[in-house]
Amino acid sequence: MAKTTSPNSRKPAQLGDQTVARGEGGETHQVAGGDVPVLTTQQGVPVSDDQNSLKIGRRGPTVLEDFHFREKIFHFDHERIPERVVHARGYGAHGYFKNFASLAEITRADLFQRAGEKIPAFVRFSTVAGSKGSADLARDVRGFAVKLYTKEGNWDIVGNNIPVFFIQDAIKFPDMVHAAKEEPDRAFPQAQTAHDNFWDFISLNPESINMALWIMSDRTIPRSFRFMEGFGVHTFRLVTATGKSTFVKFHWKPKLGMQSVVWNEALKINGADPDFHRRDLWDAIRMGAFPEWELGLQLFDEKFADKFAFDVLDPTKLIPEEELPIRRVGRLVLDRVVDNFFAETEQVAFCTQNIVPGVDFSNDPLLQGRNFSYLDTQLKRLGSPNFTYLPINAPKCPFHTLQQDGHMAFVNPKGRVNYEPNSWGGAAGGPREAPEQGFHSFPAEEQGQKARVRSDTFADHYSQARQFYLSQTEIEQRHIASAFTFELSKVETPAIRARMVAHLLNVDAALAKAVADGLRLKEMPKPAEPARPVVKTLKPSPALSIIGNPAGTFEGRKLGALVSDGVDAALLNGLRAALEKEGAVLKVVAPMIGGVEASDGSWIEADEKIDGGPSVVFDAVAVLLSDAGAKLLAEEATARDFVADAFAHCKFIAHNGAAAPLLAKAGVAADGGVVELKAGRDAAAFVQTCRQLRFWEREAKVKRV
Ligand code: HEM
């Protein structure tokens with residue numbers, strides 16, 4: 001009888017700590033046994049050799065009948081699915097939503113009927129313009145999509161980290177996205193709006209100006225998903241069991257406050273750690289520091305809508321929370337990372353149309369268009385109408401439909417019923433309507449001529465942009481001017497640069513001048529002609545500022561300690577203890593990844609080698625060196641960058657006296673943000689100082705153009 005075992009004989013070999021089997025060609029084999037399961041094909045057939053395809057003779061051709069090889073390569077060839085056309089780069093996590101109290105007087109939504117109700121949730125954060133592989137710190141809007149698995153179906157709040165949007169009508173979405181993405185002939189720039197097409201589009205669409213101010217603010221370079229707000233943007237409705245409707249805008253407020261990075265830092269983070277945001281979320285959840293937001297509602301009626309200065313159906317406008325306070329109604333906690341990125345984060349499908357009884361739409365024309373778009377694109381992206389049955393998308397309450405078949409139909413009804421009405425009674429008759437419990441659209445009265453028009457109540461394009469700008473601190477206003485200057489400096493067509501400045505003249509004269517000066521425009525353009533006169537009397541809304549609403553804590557933040565051999569162990573340990581007490585983290589950065597020997601002879605493991613852990617990935621730094629270490633690192637460019645960048649980005653810098661030569665070489669000047677630690681007990685005061693997050697007083701000294 002022919003031998004069926006492999007003719008390829010194997011001998012044991014040692015690879016570092018691993019004992020493996022080695023084939024005749026020197027290839028590594030690892031075999032099943034004990035706890036290690038047997039590798040099989042998708043049909044469940046055990047595989048004898050996963051290193052070699054089936055050949056005729058040792059050096060002969062590969063044979064077509066090698067079903068294991070065929071299946072493996074076939075599957076690999078089809079691993080990719082189309083990425084999302086927008087928001088391709090994202091990161092998700094599981095958690096829960098728990099309400100603070102019953103809201104039965106406002107909505108019949110099941111998740112708000114019983115005080116303290118807790119339901120599962122899944123959240124996906126994203127950037128908009130870049131492809132799936134783009135870097136996390138692109139200047140971009142962040143998607144903030146929340147799926148709430150309620151007992152009466154899935155409710156998706158598909159929002160952003162900015163409360164307004166670029167356009168007023170969904171028919172403009174393809175144009176807006178085309179303009180923002182890479183230019184079609186050259187396929188660059190990727191994940192950036194700093195190019196002609198984008199600013200050409202914006203400058204010809206004054207309705208985008210409010211959003212333009214927002215995207216040029218620090219909101220589009222968040223430090224972490226954990227430190228940003230979320231917004232449902234549109235006006236929705238909440239509806240009670242008796243049919244009473246209240247308009248609502250949704251807000252997510254981060255527990256640890258808001259925080260952004262500075263632009264030069266963002267550019268460098270993208271090189272140092274393109275996965276900065278996803279790593280941050282993964283690390284925080286894995287260490288038990290669960291990110292948390294409160295859901296806030298701005299509730300209003302027709303009377304408020306009528307007297308409000310703007311149309312509540314216009315998604316380029318917000319309602320200032322000083323004018324309409326936010327009622328906090330529950331908390332969203334993310335406490336579990338995904339088991340598999342593809343299965344959950346990539347295959348999750350959010351849709352603005354996924355609402356539950358007690359929630360309803362408004363006539364916002366952007367929302368109405370979105371309601372069509374998501375399902376349509378997801379059929380293409382996920383390849384079958386059965387994507388709703390994927391575990392991440394399926395409701396966690398019972399569901400019964402009469403839909404059937406299609407690609408990958410893996411949830412199928414039993415029995416003969418696939419239609420109704422039918423005469424098969426009881427369970428055999430399948431699911432039936434529920435007139436009371438079922439979803440009822442709010443019976444809004446609609447009338448009017450059929451026409452392609454834009455309401456004249458949408459025509460004020462500048463007043464809220466001005467209000468947003470005037471609500472920022474001076475530092476943030478400077479950042480906005482710098483961001484416009486940066487982006488428009490990448491625009492090659494001078495007329496587009498000037499056109500944008502023409503719009504900014506309607507927002508704020510000083511802003512327009514700062515940008516015009518930054519671009520060295522030879523002459524100031526005339527203001528763009530507004531469709532409606534700019535209202536200059538809107539009161540600033542302090543809630544719109546990040547820096548003006550300090551987090552007041554260093555919790556959830558990270559300090560990078562650059563150390564050398566001979567580091568004062570007591571000082572380092574004191575700092576670590578003070579940070580832990582605050583709920584912050586200390587990461588050790590050393591010349592070599594193996595770590596350093598401290599002054600007391602103890603060994604300190606490093607988290608990063610210096611060039612893998614630049615200061616841009618930390619919120620504050622400490623430079624704790626021996627005399628010899630300082631001398632060495634003063635001659636090391638990566639160490640000088642570590643310190644110089646921390647200083648330039650207005651971070652708090654702690655140091656021991658011995659670190660002075662490195663600080664001097666890196667151009668650090670003494671100021672209130674540079675703090676000498678003499679003993680471990682000084683650390684607590686330093687960590688308290690770090691609660692301010694940045695030493696902004698320094699910025700005017702280190703950023704002159
Ligand atoms: C207020 C305005 C908008 C907001 C806040 C918003 C938000 C989002 C978010 C957060 C995602 C990512 C969902 C995920 O994580 O999977 C997304 C995806 C998407 N959005 Fe929007 N969007 C807006 C406007 C629009 C408009 C006007 C359209 C089209 C008419 C649109 C079409 C899409 C499409 C096609 C996707 C990809 C969906 C997928 O493949 O799963 N969006 N949007």
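## Two crossing helices

The crossing of H11 and H13 is right-handed (the near helix is turned clockwise from the far one by less than a right angle). This is a predicted model, where local features need pLDDT of at least 70, side-chain atom pairs count only at pLDDT 80 or more, and totals for chains, interfaces and linings use all residues. Residues are numbered from 1 along each chain as its sequence is written, and side-chain values use heavy atoms, without hydrogens and water.

Helix H11 spans residues 474-489, and helix H13 spans residues 509-519. (Helices are DSSP runs of H or I with at least four residues; strands are runs of E with at least two; both are numbered from the N terminus.) The axes of H11 and H13 come within 9 Å and cross at roughly 40°.

Which residues meet? On the H11 side, they are Ile-480, Ala-481, Phe-484, Thr-485, Leu-488 and Ser-489. On the H13 side, they are Leu-511, Ala-514, Val-515, Gly-518 and Leu-519. (Contact means heavy atoms within 4.5 Å.) This contact of H11 with H13 has 8 nonpolar residues, 3 polar and no charged. (Ala, Val, Leu, Ile, Met, Phe, Trp, Tyr, Cys and Pro are nonpolar; Asp, Glu, Lys and Arg are charged; the others, Gly among them, are polar.)

Helix H2 (residues 173-180) packs with helix H3 (residues 196-203) at about 145°. Their axes are 7 Å apart. From H2 come Asp-175, Met-176, Ala-179 and Ala-180; from H3 come Asn-197, Phe-198 and Phe-201. By class, the H2 contact with H3 holds 5 nonpolar, 1 polar and 1 charged residues.

## Strands

Strand S12 (residues 327-337) runs antiparallel to strand S4 (residues 90-99), joined by 7 bridges. (Two strands pair if DSSP finds at least two bridges between them.) His-94 has Arg-336 in S12 as its bridge partner. S12 also pairs with strand S11 (residues 292-300), antiparallel, over 6 bridges. There, Gly-296 is partnered by Arg-328 of S12.

An open sheet of 3 strands has the order S1-S2-S3, with antiparallel pairing. Its edge strands are S1 (11-15) and S3 (28-29), and each pairs on one side only. S1 and S2 (residues 18-22) pair over 5 bridges. Lys-11 has Arg-22 in S2 as its partner.

## The iron site

Which residue is the only protein donor of the iron atom of the ligand? Tyr-374 is, through its OH at 2.0 Å. (Donors are N, O and S atoms within 2.8 Å of the metal, or 3.2 Å for Na, K and Ca; water is not among the atoms, so sites may look incomplete.) Tyr-374 lies in helix H9, residues 365-382.

Note on methods
Axes are lines fitted to C-alpha atoms, for helices over the stretch in contact, and angles run from 0 to 180 degrees between N-to-C directions.
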